[in-house]
Amino acid sequence: MLNSLQSSTALHNGVNMPWFGLGVYKVPVGAVALESVKMAIKAGYRSIDTAALYENEESVGQAIKESGVPREELFITTKVWNEDLRNNSVEEAFETSLRKLGLDYVDLYLIHWPVKDKYKDAWKVLEKLYKEKRVRAIGVSNFNIHHIEDLMSSAEVKPMVNQVELHPLHSQPELRDYCKKQEIQIEAWAPLGQGRLLDHPVLQEIASSHHKSIAQVILRWDIQNEIVTIPKSIRESRIKENANIFDFTLSSSDMEKINALNENQRFGADPDNFNF
Ligand code: NAD
């Protein structure tokens, strides 16, 4: 049931992951991260998406502690950065993330980018952490179909999640179909196109017809498409606005109009050609 911020999808191993969460990319460590994550949890968010790269795991961890919400009701994702794949230090990186977060497990641990010739070894470490129950689910990020196929040729555990750039201008229909068949939950990063989709005329027309904002329409389109979504904001009004999407439904004609906007336009890096 998709009727509240706490609604969740069952991953293929049975672990429940909220459809909706807060992204914290570029949120500075310290008061801003602490207060925005606490605000989100107070507003009903239960899922937080961070990464070693974001350098704000300490603040996310502090917010979790200060939130007053029991740890087991929250769903915390973090990711291992590319350098640790290249240095074969994935397990150490995991320990560092866990220490910074102040947690004894994370809900979802992701390989941040498919570093060539390295992600399969990294996956072995994630599988070990999973078997040791230090993480409730493991997954990948920025993996195209061929990366997943390659990974699965030597994997024991199939990834539970693939987090990729996904928004109306880059709606990834083939990857979504593939992941659905494989029971890999797709998750959208930059769901709002990092703020660059918020004056689109087609989206504006649909938003006006529902008395909603463009951001709300896009995020509703995500969850109606069974895409986990993690918009980022540090402002209380937007954190609340983004989550206020459970009181309206996009019609199939609205959905089709948004589906038709796909131009395969990325705002972020290309997983087949990145230089970091
Ligand atoms: P986003 O699409 O969530 O856009 C965020 C920006 O949109 C904000 O900075 C704000 O300026 C604006 N915004 C948010 N809500 C708004 C509203 N209601 N009205 C007007 N403007 C609004 O972009 P993102 O932060 O890049 O992506 C979301 C999350 O995905 C990140 O925070 C991070 O957790 C994750 N992410 C993962 C990867 C990856 O490689 N796995 C890459 C980028 C981001």
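This is a predicted model: local features need pLDDT of at least 70, side-chain atom pairs count only at pLDDT 80 or more; totals for chains, interfaces and linings use all residues.
**Notebook: the ligand and its shell**

I started with helix α10 (residues 236–243), which gives the most to the shell around the ligand, three residues. Helices here are DSSP runs of H or I, at least four residues, numbered from the N terminus.

Numbering runs from 1 along each chain as its sequence is written, and side-chain values use heavy atoms, with hydrogens and water left out.

Next I looked up who surrounds the ligand. I got 26 residues, the closest being Asp49, Ser141, Leu192, Gln194 and Asn242; near means a heavy atom within 4 Å. The shell splits into twelve nonpolar, nine polar and five charged residues.

Then I checked polar contacts (pairs of N or O atoms within 3.5 Å). A ligand nitrogen is 2.8 Å from a side-chain N or O of serine 141, and a ligand nitrogen is 3.3 Å from one in tyrosine 54. For asparagine 142, a ligand oxygen is 2.9 Å from a side-chain N or O atom. The protein buries 88% of the 830 Å² that the ligand exposes alone (Shrake-Rupley, 1.4 Å probe).

Last, salt bridges (a Lys or Arg side-chain nitrogen within 4 Å of an Asp or Glu carboxyl oxygen). I found 13 in the structure. Glutamate 66 and lysine 38 form one, at 2.7 Å, N to O. Glutamate 66 is in helix α2 (residues 57–67) and lysine 38 in helix α1 (residues 31–42), so the pair ties together parts 28 residues apart in sequence.

How values were computed:
A polar contact is a pair of N or O atoms within 3.5 Å; within protein, one must be able to donate a hydrogen and the other to accept it, and residues adjacent in sequence count only if both atoms are side-chain atoms. Helices (H or I, at least four residues) and strands (E, at least two) are DSSP runs, numbered from the N terminus. Ala, Val, Leu, Ile, Met, Phe, Trp, Tyr, Cys and Pro count as nonpolar, Asp, Glu, Lys and Arg as charged, and the others, Gly among them, as polar.
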